[in-house]
Amino acid sequence: MSTGCGSDAQNDESRILAQAAPTTATSSSATLYKRLNSVQRSKSKRTGAKQATNSSCATKLKKTRETTGNAREADVDSNCHRRIQERQLEMTSRARHCAWRLGIVILGVCCIAAGVYLLRNWIDMFTRMRGKEMALSPTSRSYADWKVSPLPLNFDVYLFNWTNPEDLYEGSPRKPHFQQLGPYRFRERPDKVDIEWHNQNASVSFRKKAFYYFDAAGSNGTLNDMVTSVNTVAHSGARRLSELASILRVMASASLSSMQEVYETRTAEEWLFKGFVNSLVTVGKILSPNDVPYDRVGYQYPRNGTTDFDGYINMFTGADDISKMGKIYTWNNLRHTGAFEGACGDVKGSMGEFFPPNLSTNQTVYMYMPKMCRAVPLDYTETVTVHGVTAYKFSGTRRAVDNGTMYPETSCFCVDGECKPSGVINIARCAHNASIHMSYPHFYLADPSYLEAIDGLQPDKEKHEFYMALEPNAGVPMDVGGGFQANYLMERIPGVALYARVPRVMMPLMWAEERVRVTEEIAASIGLVPLIVLIGQIVTGILLAGGLICTCWYPTRQLTHFCRSDDPKAKASVLRPLTTFSVTSNATGATPFRPHDNHNERVGVRLLDYRRSSGLTDSGCNSATESLIGSSSSTDVITS
C-alpha cells in the first residue's frame, strides 16, 4: 500500500523482477521487452508523482520545522526574558536590602560618634550653657541672692570664761580652767556695697557690710554675762617694751604692772561687738596711730555695720569662664597677704558664696578667711544628702591647721622660724602683731599638748568640725557649719614684773560659727542641675547602646544564622570568597598553581558541586563572567 511519501516504485520493480526470473528461459525476448517498457513507463509516472510528493513533504517539513523552531526560540526568549526580569528584581531587592543594611550601619556609627562626643563633652557643654545664665552681673539671676543672702544667717559666738586667773604662775598646782559660755546668737543681715564691675578681667570689687541683731531666744545667756579672759592688750604692750630704751622700758614696765592685770573681766556685749575702752589703747593711739587703728577693744569690734572688717575684695564673675566664678583675685588690692611666706600667703579661694562647678571627690576647695590672711583648704570627706540632693562634704582636716609638722608643704605657716606643734596657726602679722593663734574649736585635731596644758575643753567632731556640703555639679553650698577659735599665747616677758612668772600656755579666747542650710525650695531648684546632667548621661548611654546594636546586629545575625545552619549551600556562599581568594593566592603567589594538586582539586570539586546544585549555569542565558567552570565536557577540572 502506498503511503504517498515513501519508496513504492522500488518495491514494485523488485517484485516484477522476482516474478520474471523463473520464466526467463521459456519467455520470448519480445514479451520480455514489452513488459520492461511497460514497467519503465510506470516507473516514470511513479517517479514524477514521487518527486511531486517529496517536494510537497519537504515544504511541509520545512514549514513545520520553521514553526517548531520559532516556537522553541520564542519559548527560549520568553524564558530568558523572564529569568532576566527575575534576576533584575532579585538584584533590585538585594540592592534595597544592602542599602537598608548599610543605612542601619551608618546610623549606628553616627550614634556611637554622637554618644562618644557627649560622653566627653556633655558636662562641659552644660556648664557653658549654664554659665551664660549664672555668670554674675547686675542683670543676672544670681545677682540679687549674691548681694543679699535670701537665707536666714545665724552668727553664734562662744566665750571662754577663765575661772582661776590667780593661779597663772610657774609651778602652780592647778592648770588654767576655762568654762564655755554661749552660744550668743546674732541674726546677721549681710550686704555688698561699693560694688564696681571690671569688664576687662570679668571681675567685681566690693565690700561686705553686715548688721548683727542679738537673738535672746536662740542664745544661751545674755549680753550682760560677766566674762573673764586674757588681757591681750597688756601682754601685747609688754611685748613691745623691748623696742624702747632701757630707762623708758623700766618706767613703762612699772606703769604697766601697776595699771593692768593679766586678765580682764567685761560683759559679753563688751567682749563682742560693743567693745570697751582700755587706757593702753588710748595712749597707743596717740603715740602711734598707725599701729593702733582702733579706739576700743572687742573681739568683733568694729564689725557691726561697718565695711572695713573684711576688707576690699575683688572677685571673678565667671563671665569669661564659669569655673572662675566666685574666686578671689585680690584682697585689699593685694595678690599676696604678706602674713606668710610663699604659697601660704597667696590670695585665693572663695568667699563662700560660689565654688567651682563639676567638683570631684579628689579635689580640694579653698575658702578665703580675711581675718586669718589666708585661704583654708577643705578636703572631701564624704557624700551626704541635703533635702534629697546629693552633695559632697568638704571639711577642714589636720592639713588646714598644720605648719610643717605633718605636711611639709605647710611649713610656710611657721612665723619667724618658729614652728609650733600642729593644730594652731600664728596670725600675729594679720592681727596687729598680737600673739593670736587660730585653731579649730576646743583644739579639735590639734596636738594633745594644747589640751594637756589647760582644763575645761572637750573637742567633739559633731560640734567642732568645719565643713561645707557642696552640690558638685553647680558648686553651690547646701550646708555650712563650724568655725575657728581664737587663742592667745601667754608667755613670760623678761623685765616686766607682771609677766615675769607666767608659764607658756595657749589660752582660748572665743570661737564663732555660722550654720546655714538651704531650704527645701532652694534645694529643689538646685537639684535640677544634677537632674539635667543625669538626663544627658542617659541620652549618651542610649546613643552608645543603640549605635552598638545597629552596627553589630546584622553581622551578628548573619554569623549566628551561618553557625546554626545545616544548609551547605548557605555556608558555601559565605566561604566562597575566602576559598576563591585562597585559590587566587595560590595561583598568583610565589608557589605556582598546579592543576592536579589534590588540595586545589578538592576546592574545584567543591565549587563544581555548588555550581551544579545551584542552577546558575542555565544554557542560553549565562554570560561569560558567570561561568567559573569552563568546558561542559570536563566537569571535574577547573580551567585555567
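Before you click anything, one definition: a residue counts as buried under 20% relative accessible area, as exposed over 50% and as partly exposed in between, with a 1.4 Å probe and protein chains only. The model is predicted, so local features need pLDDT of at least 70 and side-chain atom pairs count only at pLDDT 80 or more, while totals for chains, interfaces and linings use all residues. Numbering starts from 1 along each chain as its sequence is written, and side-chain values use heavy atoms, with hydrogens and water left out.

**Stop 1: aromatic rings**

Rings of Phe, Tyr and Trp (its six-membered ring) pair if their centres lie within 6.5 Å; planes under 30 degrees apart are stacked, over 60 edge-to-face, and the rest tilted. By this rule there are 21 aromatic pairs. Select Phe 186 and Phe 214 to see an edge-to-face one, with 5.4 Å between centres and 65 degrees between planes. Phe 186 belongs to strand β2 (residues 178–198) and Phe 214 to strand β3 (residues 203–214), so this pair ties together parts that are 28 residues apart in sequence. Helices (H or I, at least four residues) and strands (E, at least two) are DSSP runs, numbered from the N terminus.

How covered are these two residues? Phe 186 is buried, at 4% relative accessible area, whereas Phe 214 is partly exposed, at 26%.

Next, select Phe 466 and Phe 484, a tilted pair at 5.2 Å centre to centre and 50 degrees between the planes. Phe 466 is in the loop between α9 (461–464) and β13 (467–471), and Phe 484 is in strand β15 (residues 483–490), so the pair links distant parts of the chain, 18 residues apart. Both Phe 466 and Phe 484 are buried.

**Stop 2: charges over rings**

A charge sits over a ring if NZ of Lys or CZ of Arg is within 6 Å of the ring centre and within 35 degrees of the ring normal. Show Lys 324 and Phe 316: the charged end of Lys 324 is over the ring, 4.3 Å from its centre. Then move to Lys 393, which lies over the face of Tyr 467 at 4.7 Å from the ring centre.

**Stop 3: strand β16 and its partners**

Select residues 505–517, strand β16, where ten of the 13 residues are buried. Which strands pair with β16, given that pairing takes at least two DSSP bridges? Strand β1 (residues 153–162) is joined to β16 by six bridges, running antiparallel, and Val 157 stands opposite Ala 512. Strand β14 (residues 476–481) is also antiparallel to β16, with two bridges; look for Val 480 opposite Val 516. Eight bridges join β15 to β16, again antiparallel, and Gly 483 has Glu 513 as its bridge partner in β16.

**Stop 4: loop and helix**

Go to Glu 341, in the loop between β7 (328–331) and β8 (364–369). Glu 341 is exposed, with a relative accessible area of 55%.

Finish on helix α11 (residues 528–564), which holds Val 539. Val 539 is partly exposed, at 37% relative accessible area.

Terms used: Pairing = 2+ DSSP bridges.
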